[in-house]
Amino acid sequence: MKLKLIGSLVLASLCVVACNRSSSEFSSPKHLRLALRDDAKSLDPAVASDTVSFEVLGNLYEAPYQYRYFSERYEIEPLLAQALPQLSKDHKTATIRFRKNIRFQDDPCFTATQGKGRVVTVDDYVFAWKRIAYPRTQSQGGFLFEGKVIGFEAFREELTKPPPAHQTAKEVARSLRETPIEGFEKVDDWTLKIHLSQPYPQLALVLALPTAAPIAYEAVEKYGDKDGVMTEKVVTTGPFLLQEWKRNQYFRLVRNPAFREVLYPTESDAVFRSKGYLSDVGKRLPLLDEVRFEVIKEEQPRWLNFISAKLDRTAVPKDHFSQAITERSNLTPEFAAKGYQLHTDLGLKHYYVTINMRDPILGKNKFLRQAISSALDRDRWTEIFTSSTGRKMTHAMPPGLAGRPEKSKRADDFNLARAKELMIKAGYPGGKGLPTFQFDLRGMDTTSRQLGEFFRQQFEQIGIQVTVTPNSFPNWLEKQKRGNLQIGH
């Protein structure tokens, strides 16, 4: 499915989080209870592609690189790699040296070591990245290497051939291990050369995604389905282990007793240092014994669970800003007196509307898409749904990214008169002749439905009619993957 992201609809949200430490259950800082707005799609790094799944995966799997803690800018640093990629003079060969002290957790899949976790080698990274290319995995992570790593598409084409009907997960794993990708050259057990068809300056960035985490072939052999996918089983190198996942209810993660020695960061930008973020310097990670994610799809129940001390942290819903936060973005006296803490951060999260470019009407009519963009009042959007704490984006790059251009405005911002003129240029004056479009939401909670009604009214101003359909996030992603979205948010 080819999507057009209407960049002028992108918002950078000001993340407002209240931390409740007044609960007797939270008297020990060793347990943390959080809420997810939906269930995860999958805990297989090759398959997961949504923010909900990544929120859980980030505590389980580790990638070669990560973003530096306590930095106001988004800066990459090594995690499982020893250093950033070393590039050749033409920038078409990247050499990565991996740490030698990384081990998979103890698990029965490691029969050769009687269930003891083994050392991670280059083969485990390459195996994981091959799974991204394997057609039957249906991974959304192909963009990491497509058109960049030599032989990646040829590998995918080779494995597109129909396998035997009785093929097992063990045979899938063996096929992936034995079929080479030309661009991945193993130098030794901890050194890999990646041969590129063109310079790829984003390589370290994409290798910071959970999608790039190493995967043990033994785990796929034992726990994978007929396509080699491990939706609910985790065999990881990370600080936490998946203890339990009850679908649509909760995730329970516990400390990995065999996790290597990793210490709390010692460096911080001034803004984080002033807030006391370096108070735990020198302590061994993880600081927690257990993390529990409750799946609570509606904002109101999430908030009620928080104020009744059943959650330790939550974002403040738009309908409760006045209850918890003053006009100057401080805690209200009532909440401050109860021991709540308020943390605000201009995050990387941003919101946008997608249009299916393969749609026979929307995809072929530039003026129609421009009309939709100019009909949306972003200032009203931020006022209603973020209590004016969000920022209207002037382009698609959120704050904090290196090289972000500074623009004060954009041509396709809200302008109803322009939108109506564009509808005439599109051949549909006042919407005459247009069918009713399908508008899919990636949520089913009250706020999502309110947002859907907001969009419906915005489109109606220029004669465009939409049927708004709420979805669970995994269902929305499935529709997107299959090309079944016309317009989505």
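Residues are numbered from 1 along each chain as its sequence is written, and side-chain values use heavy atoms, with hydrogens and water left out. In this predicted model, local features need pLDDT of at least 70 and side-chain atom pairs count only at pLDDT 80 or more, whereas totals for chains, interfaces and linings use all residues.

Helices (H or I, at least four residues) and strands (E, at least two) are DSSP runs numbered from the N terminus. Two strands are taken to pair if DSSP finds at least two bridges between them. Four strands form an open sheet of mixed pairing, in the order 2-11-10-9. Its edges are strand 2 (31–36) and strand 9 (240–246); each has a single partner strand, so one side of each is left without a neighbour in the sheet. From one strand to the next the twist averages 15 degrees, where axes are lines fitted to C-alpha atoms, for helices over the stretch in contact, and angles run from 0 to 180 degrees between N-to-C directions. Within this sheet, five bridges connect strand 10 (residues 250–255) with strand 11 (residues 290–295) in the antiparallel sense. Opposite Tyr 250 stands Glu 294 of strand 11.

Strand 6 (residues 93–97) has four of its five residues buried, buried meaning under 20% relative accessible area, exposed over 50% and partly exposed in between (1.4 Å probe, protein chains only). Strand 6 pairs antiparallel with strand 5 (residues 86–87) over two bridges, and Gln 86 stands opposite Thr 95 there. The two strands form a hairpin with five residues between them, and His 91 in the turn has a positive phi of about 60 degrees. Strand 6 is also joined to strand 8 (residues 191–195) by five bridges, again antiparallel. The bridge partner of Thr 95 in strand 8 is Lys 193.

Parallel pairing is found around strand 15 (residues 437–440), which four bridges join to strand 16 (residues 466–469). Phe 437 has Val 466 as its bridge partner in strand 16. Between these strands the chain passes through helix 14 (residues 446–460), and this β-α-β crossover is right-handed; that is, with the strands pointing away from the viewer, the path from the first strand over the helix to the second runs clockwise. Strand 15 runs parallel to strand 17 (residues 487–488) as well, with two bridges, and the partner of Phe 439 in strand 17 is Ile 487.

Rings of Phe, Tyr and Trp (its six-membered ring) are counted as pairs if their centres lie within 6.5 Å, with planes under 30 degrees apart termed stacked, over 60 edge-to-face and the rest tilted. By this rule there are 23 aromatic pairs. One of them is the tilted pair of Tyr 69 and Phe 70, at 6.0 Å centre to centre and 55 degrees between the planes. Tyr 69 is partly exposed, at 46% relative accessible area, whereas Phe 70 is buried, at 14%. Phe 145 and Phe 184 form an edge-to-face pair, at 5.5 Å and 85 degrees. This pair links parts of the chain 39 residues apart: Phe 145 lies in the loop between helix 2 (122–133) and helix 3 (152–158), and Phe 184 in strand 7 (residues 184–188). Both Phe 145 and Phe 184 are buried.

A charge is said to sit over a ring if NZ of Lys or CZ of Arg is within 6 Å of the ring centre and within 35 degrees of the ring normal. The charged end of Arg 442 sits over the ring of Trp 476, 4.0 Å from its centre, and that of Lys 366 over the ring of Phe 367, at 5.6 Å.

The structure holds 28 salt bridges, each a side-chain nitrogen of Lys or Arg within 4 Å of a carboxyl oxygen of Asp or Glu. Arg 68 meets Glu 75 in one of them (2.9 Å, N to O). Arg 68 is partly exposed at 23% relative accessibility, as is Glu 75 at 33%. Arg 68 also forms a salt bridge with Asp 269, with 3.4 Å between the closest N and O atoms. Asp 269 lies in the loop between strand 10 and helix 7 (270–274), and Arg 68 in the loop between strand 3 (65–67) and strand 4 (76–78), so the pair ties together parts 201 residues apart in sequence. A network of salt bridges links Asp 39, Glu 232 and Arg 247.
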